[in-house]
Amino acid sequence: MKKYLLIPAALMLLASCSNDTDIKIESSITKEAPVPIRLGSSMQVITRSNSQTIQTGDPSTSTPGYLTNGKKAGVYIYYAGEQESKTMGTGTYGYKNLEYTVNGSAGAMDYPTGNQPYCPESKSQNIDIYVYSPFISGTAELNTLTAVSFNTQQDQTSEDNYIASDFVWGKKAGVTNTDAASTINVPLDHKCSKININIAGGTGVALSSLVGASITLDDVNHAGSIDLTTGTVTEATTPSTAELTFTTATAATGTFASDNTKNCYTASAVIIPQTITAKDLTITLAGGTTTYKYSLTKTFVAGTAYTFDITVNAA
């Protein structure tokens with residue numbers, strides 16, 4: 001019986017009010033239930049290492065690549081056009097440097113435990129989502145997005161160190177509650193430069209002698225920063241220069257880009273975009289007793305791979 005008695009009571013209350021602002025039921029009518037934000041990621045630009053199977057895509061076939069399973073990504077979510085948390089109504093909205101984990105081989109990302117992000121309650125309020133990887137703790141946990149520092153690894157002979165250097169970034173602008181009804185895919189671009197070194201045997205040097213050769217490049221700057229609002233990467237004002245060691249070549253992985261009849265070993269690394277002038281690229285054969293040097297000069301641009309075909313000749 002209470003159910004039927006309350007209805008006319010509510011109607012009588014509404015009829016007796018001369019000023020609608022006296023009735024505090026507005027929020028329960030116009031606000032939406034929180035909409036969870038689910039994220040995925042994909043990449044199209046190749047700067048990946050020898051096998052081209054991890055963190056890469058094939059632009060010629062529009063096949064996307066994905067972040068490596070188990071790796072971490074940082075996520076910022078703010079009101080559209082904003083770069084920090086903002087107050088609207090009675091609450092504050094914004095998510096700062098959430099630590100996501102890649103789950104599976106198709107780029108899906110799991111939000112941090114206990115910190116599921118949601119769209120704003122207001123249907124008219126769009127949001128911008130920024131994603132980067134690998135995840136950075138500490139300095140990235142700032143409200144400002146315009147100067148987040150990161151570093152590449154000096155020793156990239158391991159797969160983990162290579163991926164830790166392969167900095168990627170993406171932005172999805174103007175996301176709505178409707179967009180959040182399904183997984184939001186944030187396209188990512190590689191923000192470093194890739195160097196491929198192909199080495200082949202020449203006069204007095206057999207191809208087989210190059211197995212396991214170590215390749216280094218002098219005075220590479222490993223420090224930079226990124227503006228997460230635009231994806232622009234710059235070298236650090238105080239460079240962190242050190243020798244770069246490439247992925248060790250252990251098998252004949254292909255042929256020269258300039259001559260596809262010439263078998264070679266390939267080593268790869270990624271660096272902060274920069275200009276390198278007359279620096280020694282040193283090839284040291286297994287055993288460490290024989291070395292060859294090549295003077296390298298090049299301006300390296302973000303998201304671009306550069307291949308150098310080097311024929312190793314005996315002195």
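Two strands are taken as paired if DSSP finds at least two bridges between them, and helices (H or I, at least four residues) and strands (E, at least two) are DSSP runs numbered from the N terminus. The views show a predicted model, in which local features need pLDDT of at least 70 and side-chain atom pairs count only at pLDDT 80 or more, while totals for chains, interfaces and linings use all residues. Residues are numbered from 1 along each chain as its sequence is written, and side-chain values use heavy atoms, with hydrogens and water left out.

**View A. Overview of the chain, with its three helices and 20 strands.** Of the 315 residues in the chain, 40% are buried, where buried means under 20% relative accessible area, exposed over 50%, and partly exposed in between (1.4 Å probe, protein chains only). Among the contacts with a separation of 6 or more, 69% are between residues 24 or more positions apart, a contact being heavy atoms within 4.5 Å. The accessible surface of the chain comes to about 15,600 Å², and carbon and sulfur atoms contribute 51% of this area; accessible areas come from the Shrake-Rupley method with a 1.4 Å probe, and for residues only the protein chains shown count as cover.

**View B. Antiparallel pairing of β7, β9 and β10.** Strand β7 (residues 127–133) is joined to strand β9 (residues 168–175) by six bridges in the antiparallel sense, and within this pair I129 has K172 of β9 as its bridge partner. Strand β9 also runs antiparallel to strand β10 (residues 184–190), to which two bridges connect it; here V168 has H190 of β10 as its bridge partner.

**View C. The open sheet of three strands, β8-β13-β14.** The strands of this sheet pair in the antiparallel sense. Because β8 (148–151) and β14 (232–235) stand at the edges with a single partner strand each, one side of each is left without a neighbour in the sheet. On average, neighbouring strands are turned by 35° against each other, direction ignored, with axes taken as lines fitted to C-alpha atoms (for helices over the stretch in contact) and angles running from 0 to 180 degrees between N-to-C directions. Four antiparallel bridges connect strand β13 (residues 223–227) with β14, and I226 is found opposite V233 of β14. The hairpin of β13 and β14 has four residues between the strands, and in this hairpin G231 adopts a positive phi near 85°.

**View D. The open sheet of four strands, β15-β12-β18-β19.** As the pairing of this sheet is described, it is antiparallel. The edge positions are taken by β15 (241–245) and β19 (291–299), each of which has a single partner strand, so one side of each is left without a neighbour in the sheet. Direction ignored, the neighbouring strands of this sheet are turned by 25° against each other on average. Strand β18 (residues 275–284) pairs with β19 over eight bridges in the antiparallel sense, and in this pair L281 stands opposite Y294 of β19.

**View E. The salt bridge between K71 and D160.** A salt bridge is a side-chain nitrogen of Lys or Arg within 4 Å of a carboxyl oxygen of Asp or Glu, and by this rule the count comes to four. In the pair shown, the closest N and O atoms of K71 and D160 are 3.4 Å apart. K71 lies in the loop between β1 (39–43) and β2 (72–79), whereas D160 belongs to helix α3 (residues 159–165), so the pair ties together parts that are 89 residues apart in sequence. K71 counts as partly exposed, at 25% relative accessibility.

**View F. The salt-bridge network of E82, E84 and K86.** E82 and K86 form a salt bridge in which the closest N and O atoms are 3.8 Å apart, and the side chains of E84 and K86 also meet in a salt bridge, at 4.0 Å from N to O.
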